[in-house]
Amino acid sequence: MSSIDRSQSAGGTRTYEVRTYGCQMNVHDSERLSGLLEDAGYVRAPEGADGDADVVVFNTCAVRENADNKLYGNLGHLAPKKASRPGMQIAVGGCLAQKDRDTIVKRAPWVDVVFGTHNIGKLPVLLERARVQEEAQVEIAESLEAFPSTLPTRRESAYAAWVSISVGCNNTCTFCIVPALRGKEKDRRPGDILAEVEALVAEGVSEITLLGQNVNAYGSDIGDREAFSKLLRACGTIEGLERVRFTSPHPRDFTDDVIAAMAETPNVMPQLHMPLQSGSDPVLKAMRRSYRQERYLGIIEKVRAAIPHAAITTDIIVGFPGETEEDFQQTLHVVREARFAQAFTFQYSKRPGTPAAEMDGQIPKAVVQERYERLVALQEEISWEENKKQVGRTLELMVAEGEGRKDGTTHRLSGRAPDNRLVHFTKPDQEVRPGDVVTVEVTYAAPHHLLAEGAVLDVRRTRAGDAWEKRNTAEQAKPAGVLLGLPKIGVPEPQPAVASGCGCD
């Protein structure tokens, strides 16, 4: 009997909930997990189900120090729910599952399935096997079984999508465990990537984000050092594709041909997320980052010369083992020089299994906290100053869904500018749908958003807006089904509180 038959014979369609922790890769994988489950006959549980589903899947992250504590706390919360709900199943996947394997079932014996980063496509089969055999199924593949983009995927956005161009990472950063969990870099063929982009555009998608754990190293696996810049230019020839973004690049691989491709390809957006991690050369060496401060600032200078209005964001780790006050001052120096639009700042998190965890010179928590607060204060000041420069500019915004939490009470809508800044704007009289494009004038700046308080200057209805309306109408009429394609980022929600690209950028 198939899983669909079994669930129906038990009294109706089984529901599922996927909980995601970590980076863009995990968000990307979670939408594939949703697609796999819907393809197997499951239906998504209502919003806010909080474990009230037949299947609850945890897609985990192993980057942060308290990742495992958070997982086991949530699993403990579900234990009584499972005991009172016959047939309920719990599955754990992702990086922490890849790392801990049998430990999960030992610590939480009510878990039914544990699967890794390389075999997410096995989830429906493992759930069925656990149900039939009435025992936990732990299956961790050591290498990628098939490129995940071949799996069914339920995209959250009708108008913006991720497109994965590679998986894995060849870097050996001493603070990061992810390369050991996701494996060496494996690139997709350019033709397969472009075919997927074209298919997404045909569905109504107008913005895509090229995704890789070290996205601009693309080509190392297929033997073409300029493959990434060529890919950006090729995306520029796809009719109907209005916005192209990518995340996350590594300074080591950020070459002049990539900068030229960004500047010369109209639909590649003037936005760059370039992880710094530290401004100190000794700390960068200890982190095993293959660039130094001068190289990093040189890239920023070249990007600004070629793309004057580019918004540049970054990741920074405070309190890496051995970091002195002078080292920290060098990080502050780079922040002042680079003038990032935003920085995702993190206190160093000791992870078992990484070289940094065994290094001498672990920094006391109080020292790390004090440095972190100084860094945040400086970056807040710079972010606000850079946003004030946007006041008076006329911008085209792609209308977003769910970006402004107070939109209903303020009678505003929200959208993303080409440089990915978040802009809240006055709701126009005419209908505006997510995916449509509006033209506004910026009137006010805050550190993390802009306001356009005047009348909207222009509204352009788009195929992306049509796609959103079509899907929204269909989902109101019946339970959500599988949407083929890949997940969103182009109209991104606030980034998860982990270093982009799983922290190995």
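## Overall make-up

Helices (H or I, at least four residues) and strands (E, at least two) are DSSP runs, numbered from the N terminus. The protein has 16 helices and 21 strands. This is a predicted model: local features need pLDDT of at least 70, side-chain atom pairs count only at pLDDT 80 or more, and totals for chains, interfaces and linings use all residues. Numbering runs from 1 along each chain as its sequence is written, and side-chain values use heavy atoms, with hydrogens and water left out.

Of the 505 residues in the protein, 57% are buried. Buried means under 20% relative accessible area, exposed over 50%, partly exposed in between (1.4 Å probe, protein chains only). Contact means heavy atoms within 4.5 Å. Among contacts with a separation of 6 or more, 77% join residues 24 or more positions apart.

## Helix α2

Helix α2 covers residues 24-39. Its 16 residues should span 22 Å at 1.5 Å a residue, and its end C-alpha atoms are 23 Å apart, which agrees. The expected span is 1.5 Å times one less than the number of residues. Because 14 of the 16 residues are buried, α2 is largely enclosed by the rest of the structure. Just after α2, Gly-41 has a positive phi of about 105°.

Axes are lines fitted to C-alpha atoms, for helices over the stretch in contact, and angles run from 0 to 180 degrees between N-to-C directions. The axes of α12 (residues 293-306) and α13 (residues 325-338) come within 11 Å and cross at roughly 10°. That makes α12 roughly parallel to α13 (angles under 35 degrees). In α12, Gln-293, Tyr-296, Leu-297, Ile-300 and Arg-304 meet Gln-330, His-333, Val-334, Glu-337 and Ala-338 of α13.

α13 also packs with α14 (residues 365-388), at an angle of about 10° and with axes 10 Å apart. These two helices are therefore roughly parallel to each other. From α13, the contact involves Glu-325, Phe-328, Gln-329, Leu-332, Val-335 and Arg-336. From α14 come Arg-371, Arg-374, Leu-375, Leu-378, Gln-379 and Ile-382.

## Nonpolar cores

A nonpolar core is a set of buried Ala, Val, Leu, Ile, Met, Phe, Trp, Tyr and Cys residues joined through side-chain atoms within 4.5 Å. The largest has 55 residues. Those with the most contacts inside it are Ile-208, Leu-210, Phe-228, Leu-232, Phe-246, Phe-254 and Val-303. Leaving aside residues up to four places away in sequence, Val-303 touches Phe-254, Ile-259, Leu-272, Ala-310 and Ile-312. A second, separate core of 25 residues includes Phe-58, Met-88, Cys-95 and Leu-96.

Definitions and conventions: Parallel < 35°, antiparallel > 145°, perpendicular 65-115°, else oblique.
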